[in-house]
Amino acid sequence: MPTKRDVQRVLEKRDWMQLGVWAKEKQHRNVYRQFMTRIYVKDGLEFWRAVEALGFIARKIELEDENFAVNLVRRYFWMLNDESGGTAWNASEAIGSLLTHCPKTCGHFNWMLSGLLVDESLSDGALWGLAQLAQNAPQLVDPLEERIRPFLESEQPFARGLAALIYALMRTPDNGFPLYKEDGPKWSVPVDLDQRLKSDSSIIEIYQSGELIKYSIQELWTAQPLTFWTELVMIKDLEVMVTVASTTVGLCWLGLGQSVEEEQSFRTWTSRQFPERFLMRKRGPNIESIQQLQEYFTGKRQDFTIPLHQLGTPFQLKVWEELLRIPYGETRSYSDIAEKVGNPKGQRAVGMANNRNPIGVVVPCHRVIGKSGSLTGYAGGVEIKQRLLELEALQKN
């Protein structure tokens with residue numbers, strides 16, 4: 001059974017892999033209760049990691065016990081009422097984390113979470129939870145604008161900043177066509193308030209991606225989300241999860257693999273390449289990429305017209321440019337690419353650049369093979385690489 005020190009160590013290292021192991025074992029009840037106890041005192045980074053960990057372990061446990069997360073949310077709301085004596089300190093943060101990690105089973109509590117905004121002792125946590133939910137399941141926040149709107153003019157910078165972030169994330173709808181309310185488009189504000197928020201230099205500190213990060217309110221109000229989406233596709237007879245991500249410039253990530261592992265790789269990559277961006281799970285901005293991929297996987301498309309947002313070293317960019325020149329249905333060796341980029345002995349360096357290509361399929365690193373014809377490695381797995389080459393060879397012929 002994990003001790004308090006074991007749990008403390010997990011929080012210090014943000015070791016969610018260990019947390020996942022505990023979630024599968026019978027001692028998970030001891031662990032999540034330790035997190036609930038730890039959340040009673042708001043004392044910095046470890047408090048916030050305990051909040052995140054509670055949502056994470058609930059998501060893992062509900063894979064075996066489908067009612068677990070729902071019952072935990074209900075328990076928190078009960079602990080807030082007068083009958084219980086109101087013993088759920090910092091409950092709004094905990095509820096926000098549970099809804100964020102388990103939106104499919106707990107999303108219907110979105111209105112109840114927003115209802116906590118009327119309580120001054122709970123409103124900051126509820127706003128933080130809604131900001132996290134906007135990133136993971138924006139459709140659950142979309143109907144809540146009227147409850148969040150007043151906080152844009154709050155005298156408290158923390159509340160004002162979180163409301164600004166929620167608006168920044170929700171401003172553009174999935175289909176690009178804003179819904180209208182009586183006084184204008186949803187998630188819009190009068191010009192004078194927009195100007196005030198754009199020039200609001202107040203600094204707040206919020207928990208985001210495992211760390212306490214300082215932002216000015218003007219940064220939060222003008223934040224540009226990096227949207228991503230995961231969808232099941234078929235490559236011939238093989239089921240594959242594809243994860244795509246886009247900035248306002250274009251497609252920046254395309255990975256093939258199990259959704260959990262792929263998302264973790266994507267988040268790690270994003271923390272290095274886009275440290276100021278807020279990740280948002282949203283299909284709309286990625287629809288064109290998904291549609292073109294589906295056409296490619298069914299043999300109806302050979303060339304992609306998706307705008308790209310490529311980030312890498314000058315050498316990597318040079319290699320990736322050569323990959324884009326490899327015709328559909330053809331292959332090149334690592335030495336071929338090395339020759340093209342002016343480094344004839346740089347096959348190993350080309351291999352590394354190929355391996356670090358964040359935009360698979362569209363930037364066709366699968367078309368690079370060993371000089372002997374061997375498939376060599378592939379980030380999505382050699383089986384997927386083989387299916388892609390077989391698909392292209394079949395359509396080419």
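Helices (H or I, at least four residues) and strands (E, at least two) are DSSP runs, numbered from the N terminus. The model is predicted: local features need pLDDT of at least 70, side-chain atom pairs count only at pLDDT 80 or more, and totals for chains, interfaces and linings use all residues. Residues are numbered from 1 along each chain as its sequence is written, and side-chain values use heavy atoms, with hydrogens and water left out.

**View 1. The loop at valine 361.** Valine 361 sits in the loop that joins helix 18 (347–355) to strand 10 (368–369). Phi of valine 361 is near 65°, a positive value in a residue other than glycine. Valine 361 counts as buried because its relative accessibility is 1%; buried means under 20% relative accessible area, exposed over 50%, and partly exposed in between (1.4 Å probe, protein chains only).

**View 2. The loop at asparagine 90.** Asparagine 90 is placed in the loop between helix 5 (68–80) and helix 6 (91–101). Its phi is near 60°, again a positive value in a residue other than glycine. With a relative accessible area of 17%, asparagine 90 is buried.

**View 3. The surroundings of leucine 116.** Not counting residues up to four places away in sequence, leucine 116 touches Phe77, Leu80, Ser92, Ile95, Leu122, Ser123 and Ala126, where contact means heavy atoms within 4.5 Å. Phenylalanine 315 is 199 residues from leucine 116 along the chain, and the C-alpha atoms of the two are separated by 52 Å.

**View 4. Glutamate 205 in strand 3.** Strand 3 (residues 203–208) contains glutamate 205. The side chain's residue, glutamate 205, counts as partly exposed because its relative accessibility is 39%. Its contacts, leaving out residues up to four places away in sequence, are Phe158, Leu212, Ile213 and Lys214.

**View 5. Leucine 54 and the nonpolar cores.** A nonpolar core is a set of buried Ala, Val, Leu, Ile, Met, Phe, Trp, Tyr and Cys residues joined through side-chain atoms within 4.5 Å. The largest such core has 81 residues, of which Phe35, Leu54, Tyr76 and Ile148 touch the most other members. Apart from neighbours within four places in sequence, leucine 54 is in contact with Tyr32, Phe35, Met36, Ile39, Leu72, Tyr76, Ala94 and Leu98. A second, separate core has 36 residues, including Ile290, Ile306, Trp320 and Cys365.

**View 6. The whole chain, for orientation.** The secondary structure of the protein comes to 19 helices and ten strands. The C-alpha trace spans about 75 × 55 × 35 Å along its principal axes. Of the 397 residues, 51% count as buried. Among contacts with a separation of 6 or more, 63% are between residues 24 or more positions apart.
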